[in-house]
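Some notes on the fold and its aromatic pairs follow. Please read them alongside the coordinates.

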Amino acid sequence: MSQAAALDHTLQVEPAESPLTPESWGKLGMWLFLAGDAMSFGGLIAGYAALRLSVPECAAGGHPPGCWPVPSTILGVPFTAVMTFLLICSSVTMVKALDAIKRGDHAGMRKFLGLTILGGACFLGMQAREWTHLLNHVMTLTNRGLFGATFFVLTGFHGCHVTAGVIYLSSVFANADSFTKDDHNGVEIAGLYWHFVDLVWILIFTFVYLI
C-alpha cells in the first residue's frame, strides 16, 4: 500500500466516540439516584407489609389497641384519590412541558411546567390537610401503634420528595430561557424525577389506602 493510499485510509476511519456524552452523564446520574431512592421506598413498603402481616386485623366496627385497622375505615380514600389524580395529571403536564421545549416553544414550556408545579403544590396542601385531620380527630402515632407509625413515615417520606420536586421544578421554571429545542436535557432530567415521585405515590396509595 502506498503512502498516499495509507493516508487516505486513515482519514476515512471515524474516531472512536465515548458512549457517554455530557447529556447522558446527567441522565445516568439521575437514574442512579432514583435506583437508590427506589430501594429506600421499597424497604419502607416491605417493612409496612411485614408489620401488617404480623399484626392481627381489627374486627369490623372496632379498633382496640394492638390490632391493625382496616385502612378504609380510618383514611379518607376518596379525598386521597383526588390527590392521586392531581399527581397523575401533573405527570401529563410534565410530558407536555418537555414536548413544548423540544419544539422550541418557551411559552408552552412555562405554561405546562407551571401547571406541574401547581399540581405538586396542591398535592402537598391536601396532604397537610389530611395529616391535620388525622392527628386532630382520628389517630396519632401512639393510639394507632404500628399502623400510625408506618403511615406517617411512608407518606411523610414521599411528601418530602414532592416538596423537593416542586423546588426543583421551580428552579427549572426560573431558568426556562436557558433551554432550547436542541438543549433541553435539564428539563428531561427533572421530568425523570417527577415521574418517579408520581409512580411511587401510586404504589403507596395502592398498598396503604386500598389493600
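1. The model is predicted. Of the 211 residues in the chain, 37% are buried.

2. The secondary structure consists of 7 helices and 0 strands, giving the pattern α-α-α-α-α-α-α along the sequence. Among contacts with a separation of 6 or more, 74% are between residues 24 or more positions apart.

3. The whole structure holds 13 aromatic pairs. One of them joins Phe41 and Phe196: the ring centres are 6.2 Å apart and the planes stand at 65°, so the pair counts as edge-to-face. Because Phe41 sits in helix α2 (residues 22–54) and Phe196 in helix α7 (residues 185–210), this pair ties together parts that are 155 residues apart in sequence. Phe41 and Phe196 are both buried.

4. Why is the pair of Phe147 and Phe151 stacked? The planes of the two rings lie at 25°, with centres 6.4 Å apart, and planes under 30 degrees apart count as stacked. Both residues belong to helix α6 (residues 145–174), where they are 4 residues apart, about one turn of the helix. Phe147 and Phe151 are each buried.

5. Phe147 and Phe151 also belong to a cluster linked by ring pairs.

Methods: Residues numbered from 1 in each chain as written. Predicted model: local features only at pLDDT ≥ 70, side-chain atom pairs only at ≥ 80, totals over all residues. Heavy atoms only, no water. Helix = DSSP H or I, 4+ residues; strand = E, 2+ residues; numbered from the N terminus. Buried < 20%, exposed > 50% of the residue type's maximum accessible area, 1.4 Å probe, protein only. Contact = heavy atoms within 4.5 Å. Phe/Tyr/Trp six-rings, centres within 6.5 Å; stacked < 30°, edge-to-face > 60°.
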